[in-house]
Every structure is written in C-alpha cells, then in structure tokens.
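Hi,

Here is the structure I promised to pass on to you. Have a look at it first, and then read on for what turned up.

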Amino acid sequence: MIEINIPGRGYYRLKHVLLDLNGTIALDGELLGGVEERLARLRALIDIWLVSADTFGSATALGNKLGVKVSVLPEGGESARKLEIVKKLGRDSTVCVGNGSNDAAMLESAAVGICVIGGEGASGIALRASAVVVNSIDAALDLLLNTTRLVATLRR
C-alpha cells in the first residue's frame, strides 16, 4: 500500500494501480523500456493490474512476464468496462494510468488519474479527465515510487 497525504486534497491509502496497456506501458504491443524494472519495484508496494482490449494480442504474455494481473476486455464498451474495474477495486484506493479516450472515465473516477503522453499521444478527453499529465510512463510510475513528486504536483 502507498500512503500519501496531499495538502488540500486529502489522505490516500492506495492499494491498486490500473494500467492501460497499449499507448501507456507498451507501444504497438511491445513493452516500453524502463517499465519492467519500475513495475518490479512497484509490485512490492501496490497491487498492479493491466487492462486492455488487446489490440496486438500481447496482453496476457506481457502480464505474465511482469507478474501482474491482466484483464482483457472484449471489443466494444471498453470505457464502461474499465470504469467497472475501478469501481470493483475501489475508487478511493485506486490509481489509474492511461492515454486514450476509453481511459477517461477510469482516470476521472480514480483517487488519482495519470495521463501519459507517449509515442501514441494522448486524447484530449483523457487529458481533461486526469489529475496529472506526464510525458512518459517512466514519469508516471516514478510518481508512485517517489510520492513527494505527486504531492508537489497535486497540492493546493
């Protein structure tokens, strides 16, 4: 669990991180550099989930490689399904990381929503739904590994 007090926002007990796969931690189905090492460190602190419509057919293999839980979504209604997962895990204890339009609902509903502008870009809807916007998945994961950065960004 990651415990963090953000002045003006409140105290958080974060138990889960829900990561969109393609465009967020992978590009064209291939894991981005730096992700595996950071997730290995993060796994000791928080429960990690990958969520994907699995466009490139690599979600299960990547999840196994990373030692994290994977939820492969059927085609259609991905946004609602991602939101449903956040609700099941608990909005107040879940961090979401994504970049696409179908990530917006989960980003907005989570305790902390982080939008990643990576090689695929990021949708404007996801940007507006997020508490934090970063330029790489490494930066997003580092916010959770060094929560002082998150406090500095989100304090009011």
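Two strands count as paired if DSSP finds at least two bridges between them. Please keep in mind that this is a predicted model.

With that cut-off, strand β8 (residues 94-98) and strand β9 (residues 112-116) are a pair: they run parallel and are joined by 4 bridges. Within this pairing, Cys-96 has Gly-113 in β9 as its bridge partner. Both strands belong to an open sheet of 6 strands, ordered β7-β6-β3-β8-β9-β10, with parallel pairing. The edges are taken by β7 (69-72) and β10 (132-134); each has a single partner strand, so one side of each has no neighbour in the sheet. On average, neighbouring strands are turned by 20° against each other, direction ignored.

Now to the cysteines. A search of the whole structure gives 0 disulfides. Cys-96 is in none, and the nearest cysteine sulfur, that of Cys-115, lies 12 Å away. A disulfide would need the two sulfur atoms within 2.5 Å, so 12 Å is too far for a bond. Cys-96 is buried, with a relative accessible area of 0%, and Cys-115 is buried with a relative accessible area of 0% as well.

The largest pocket has a volume of about 190 Å³. It is lined by 14 residues, and the closest to its centre are Asp-20, Asn-22, Thr-55, Lys-82 and Asn-102. By class, the lining has 6 charged, 6 polar and 2 nonpolar residues.

Best wishes

Methods: Residues numbered from 1 in each chain as written. Predicted model: local features only at pLDDT ≥ 70, side-chain atom pairs only at ≥ 80, totals over all residues. Heavy atoms only, no water. 1 Å grid on protein atoms, 1.4 Å probe; cavity = no way out; pocket = protein on both sides within 12 Å on 5 of 7 lines; lining within 4 Å. Points joined across faces, edges and corners; volume = space filled by probe spheres on them. Nonpolar A, V, L, I, M, F, W, Y, C, P; charged D, E, K, R; others polar. Buried < 20%, exposed > 50% of the residue type's maximum accessible area, 1.4 Å probe, protein only. Helix = DSSP H or I, 4+ residues; strand = E, 2+ residues; numbered from the N terminus. Axes fitted to C-alpha atoms, helices over the stretch in contact; angles between N-to-C directions.
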